Amino acid sequence: MPKWVTAAEAAALIPDGASIMVGGFMGCRSPHRILGELANLGTKNLTLICNDGGMPSGPSGEPLYGVAKLLANRQVKKMYGTHVGLNPEVAKQMNEGFLDVSLVPQGSFVEMIRAYGAGLGGVLTPTGLGTIIEQAAHVHSVVEIDGKKYLLERPLGADFCLICGYKVDKAGNIWYKGTTRNFSEAMATAAATVIVEADNVVELGGIPPEDVVTPGMLVDYVVDGGRQDG
Amino acid sequence: MDKEKIKGFIAARAARELADGDVVNLGVGMPTLIPQYLPAGVKLILQCENGIIDSIKPSAEEAEPEFAVDAGGQSALAAPGGAYIDSSVSFGLIRGGHVDCTILGALEVDEKGNLANWIIPGSKVPGMGGAMDLVVGAKKVIITMEHTARGKAKILKQCRLPLTAAGCINLIITEMGVIEVSKDGLVLTEINPEYTFEDVQKATEATLKISESLKEMA
């Protein structure tokens, strides 16, 4: 069974220099409450694994949506992502030489995370062949199998996984609403410690076993986000 | 034509490449105009790489941008009969050849069907997002773009910018014409009657062949 903590307690589990993978797409259902507390704590030298750099503002006009909070605070030294163009802070810190960004094709990004979590040694993909990605550090080599060439992408894991689920039951089982499962399903398998922010906490049985997307056995900590509409 | 008219003209032509029931992924910008130009009776299944199959625009009351967005970050919904999926399944569908067509813009294209649209070293480094996977995996890759950028050719002998993928393009649609990528190079198959072939060639660095069945672009 997962441990139940506040968002501040969850953020305090993460030390300086940790690697964190964070769910969400352009901030959509990133674990906003935990990220807010992590920004408050000012934890430094983080390696961030996230699709993007979040957004300068959210759909309700709230400033610094998603991981943009950590980036604005200069808490991230190294980032793996697929698209960082929508948060100008990323380019600014890259140009200053403060932030090191490794860009990964989005399909490879999720599959590298899945591979780590599934105990696989890498991912063979045609994506990136004939491009500068062949020389990227996350690529092991170009390999040929039965006459076809592929990039061998390395697995990608982290110390912590921070994700958000719409319904989380008392065993930590997660159901995601709308498009919010994106990278979270893979990320929950690929980190030493998995922390889930629950929009709604439900009783056992509140998510039928057939509808569980992320099994609770993967989840170490749950933060009750306090919504009552699940 | 002014910029807005050019966009509509290109999008309308691109819409005619699509058949009823096609699974299509549209890039941000001009390609998102295409659905409004679909011929009657053609309904697409729009795939959004962040996890929607059969994406539709919600009404203001239905929109929940905290929980459901398309790959451009705009409010979206899975239509009844559609599905929400995770990124792994989504890109599995893309790389696995289950998406019929992707339509996206370009910074540069070339004679070999190479595409560059994700990075301008030293100036813009936004990232490739899902573009590299989409152009490698989709069955058909269509580029919609203005023929030139500030008077400079974008259809080149060889791309100068870093590639998104090599040899991935099937068709290029601009306000001047429609160009097929064949194994013998670029073939102009349709021409906007406002231009002569010489006009089009002059705005193109690559050498264009004229199709034997060259048609007016409308």
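Buried area is the accessible area, taken with a 1.4 Å probe, that two parts lose on being put together, summed over both. With that in hand, let us walk through this predicted model, starting where its two chains meet. The area buried between chain B and chain A comes to about 2900 Å², and carbon and sulfur atoms give 65% of that. In terms of residues, 36 from chain B are in contact with 40 from chain A.

What holds charge against charge here? Across this interface of chain B and chain A there are two salt bridges. In one salt bridge, the side chains of R29(A) and E66(B) meet at 3.5 Å, N to O. If you now look at the side of chain B that touches chain A, the elements giving two or more residues to it are α2 (87-95) and α3 (131-137) of chain B. Of these, α2(B) supplies the largest share, four residues. By class, that side of chain B has 19 nonpolar residues, 10 polar ones and seven charged ones.

Let us turn to chain A on its own. The domain assignment divides chain A into domain 1, made of 3-104 + 156-224, and domain 2, which covers 121-153. The C-alpha centres of domain 1 and domain 2 of chain A lie 28 Å apart.

Next, follow the chain to a hairpin in chain A. Strand β9 (residues 139-145) and strand β10 (residues 148-153) of chain A pair in the antiparallel sense, over six bridges. Within this pairing, V142(A) stands opposite L151(A) in β10(A). The hairpin of β9(A) and β10(A) has two residues between the strands, and D146(A) takes a positive phi near 50 degrees there.

One in chain A joins the side chains of R33(A) and D199(A), at 3.2 Å from N to O. This pair links distant parts of the chain: R33(A) sits in helix α2 (residues 32-41) of chain A and D199(A) in strand β13 (residues 191-202) of chain A, 166 residues apart.

Now over to the strands of chain B. Strand β1 (residues 23-26) and strand β2 (residues 45-48) of chain B run parallel and pair over two bridges. The bridge partner of V24(B) in β2(B) is L46(B). Strand β2(B) is also joined by two bridges to strand β3 (residues 52-56) of chain B, this time in the antiparallel sense. Here C48(B) stands opposite I52(B) in β3(B). The hairpin of β2(B) and β3(B) has three residues between the strands, and G51(B) takes a positive phi near 130 degrees.

Our last stop is an open sheet of three strands in chain B, with the order β7-β6-β11 and mixed pairing. Why is one side of β7 and of β11 left without a neighbour in the sheet? In chain B, β7 (115-116) and β11 (155-156) stand at the edges, each with a single partner strand, so one side of each has no neighbour in the sheet. Strand β6 (residues 108-110) of chain B pairs with β7(B) in the antiparallel sense over two bridges. In that pairing, V109(B) has L115(B) in β7(B) as its bridge partner.

Definitions and conventions. Residues numbered from 1 in each chain as written. Chains lettered and ligands numbered in written order. Predicted model: local features only at pLDDT ≥ 70, side-chain atom pairs only at ≥ 80, totals over all residues. Heavy atoms only, no water. Contact = heavy atoms within 4.5 Å. Salt bridge = Lys/Arg side-chain N within 4 Å of Asp/Glu carboxyl O. Nonpolar A, V, L, I, M, F, W, Y, C, P; charged D, E, K, R; others polar. Domains from an automatic or database assignment. Pairing = 2+ DSSP bridges.
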